[in-house]
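Colleague: I have the sequence and the coordinates open side by side, and I'd like to go through them with you. Please keep the answers plain and tell me which cut-offs you use.

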Amino acid sequence: TTPDATEALSVADSVVVLIDGRILQQGAPEDIYLRPVNTRVVRLVGDPPMNLLPGTVHREADMLIFEHEAMRQPLPPGLARRIEQGTRDSAIVLGIRPTAIDIHDPNRPANGSTISAQVYAWEPFGKYAIVSVKIGADLVKIKTSRTHPFEINMTIPLSVNADGLVAFDDGTGNAI
């Protein structure tokens, strides 16, 4: 028994996520990390926990696109199918793992689509750093191996690895 989710995921064969006296999820650590059942579990798991961005989805040609006030993200086909089958509403919460966000060199042109973000905080931890950025009004944490200093308020280009995305119902918070 431990209140530390990171410790539980690293040493246990099976984990029970207990919140307010209720079991919300039980399973192998990989299942809880990769397939959280709701946003309450997400807020406990990970170092740092998954980022949650509210937005809407809509279809453009053969792709489902997530729209946030300050970003557009094409969704991978498997996730798009689950969203279209799992919700009638276009409002969702997109979960993005901190390790699924790449920081591009701001002095070089980026290949493909990028998200513009403003550095809010930079926390170096030796082999990696946590960079907190503002995407629109939302604060997003990125875990990166790039450990050089980031200046506060500088604008940096980001891209998202679609494999690090999870969708949640905007109303219930349950995974789609």
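Colleague: Let's start with Arg 72: how accessible is it?

Modeller: Arg 72 counts as partly exposed, at 40% relative accessibility, where buried means under 20% relative accessible area, exposed over 50% and partly exposed in between, with a 1.4 Å probe and protein chains only. Bear in mind that this is a predicted model, in which local features need pLDDT of at least 70 and side-chain atom pairs count only at pLDDT 80 or more, while totals for chains, interfaces and linings use all residues. Residues are numbered from 1 along each chain as its sequence is written, and side-chain values use heavy atoms, with hydrogens and water left out.

Colleague: Which residue forms a salt bridge with Arg 72?

Modeller: That is Glu 60, with the closest N and O atoms 3.0 Å apart; a salt bridge here is a side-chain nitrogen of Lys or Arg within 4 Å of a carboxyl oxygen of Asp or Glu. The pair links distant parts of the chain, since Glu 60 sits in strand β3 and Arg 72 in strand β5, twelve residues apart. Helices (H or I, at least four residues) and strands (E, at least two) are DSSP runs, numbered from the N terminus. Glu 60 is partly exposed at 32% relative accessibility, and Glu 60, Glu 67 and Arg 72 are linked in a network of salt bridges.

Colleague: What does Gln 73 touch?

Modeller: Leaving aside residues up to four places away in sequence, Gln 73 touches Leu 64, Ile 65, Phe 66, Ile 115, Val 160 and Leu 165, contact meaning heavy atoms within 4.5 Å.

Colleague: Back to the charges; how many salt bridges does the structure hold?

Modeller: There are six salt bridges. One of them joins Glu 84 to Arg 59, with the closest N and O atoms 2.7 Å apart, and this pair links helix α4 (residues 77-86), where Glu 84 lies, to strand β3 (residues 51-60), where Arg 59 lies, across 25 residues. Glu 84 is partly exposed at 41% relative accessibility, and Arg 59 is partly exposed as well, with a relative accessible area of 40%.

Colleague: What about Glu 123, which residue is its salt bridge partner?

Modeller: Glu 123 forms a salt bridge with Lys 141, the closest N and O atoms being 3.8 Å apart. Glu 123 belongs to strand β8 (residues 115-124) and Lys 141 to strand β10, so the pair ties together parts 18 residues apart in sequence. Glu 123 is partly exposed at 30%, and Lys 141 is partly exposed at 28%.

Colleague: What is the order of the strands in the five-stranded sheet?

Modeller: The open sheet runs β7-β11-β8-β9-β10 with antiparallel pairing, two strands being paired if DSSP finds at least two bridges between them. The edge strands, each pairing on one side only, are β7 (101-103) and β10 (138-144). Three bridges join β7 to strand β11 (residues 155-160), and the bridge partner of Ile 101 in β11 is Val 160.

Colleague: Changing topic, what lies between β1 and β2?

Modeller: β1 and β2 form a hairpin with two residues between them, and Asp 20 in the turn has a positive phi of about 55°. Five bridges join strand β1 (residues 15-19) to β2, the two running antiparallel, and Leu 18 stands opposite Ile 23 in β2. Asp 20 is exposed, with a relative accessible area of 66%, and Ile 23 is exposed too, at 53%.

Colleague: Which peptide bond is cis, then?

Modeller: The bond from Asp 47 to Pro 48 is cis, with omega near 0°, and Pro 48 is in the loop between α3 (39-42) and β3.
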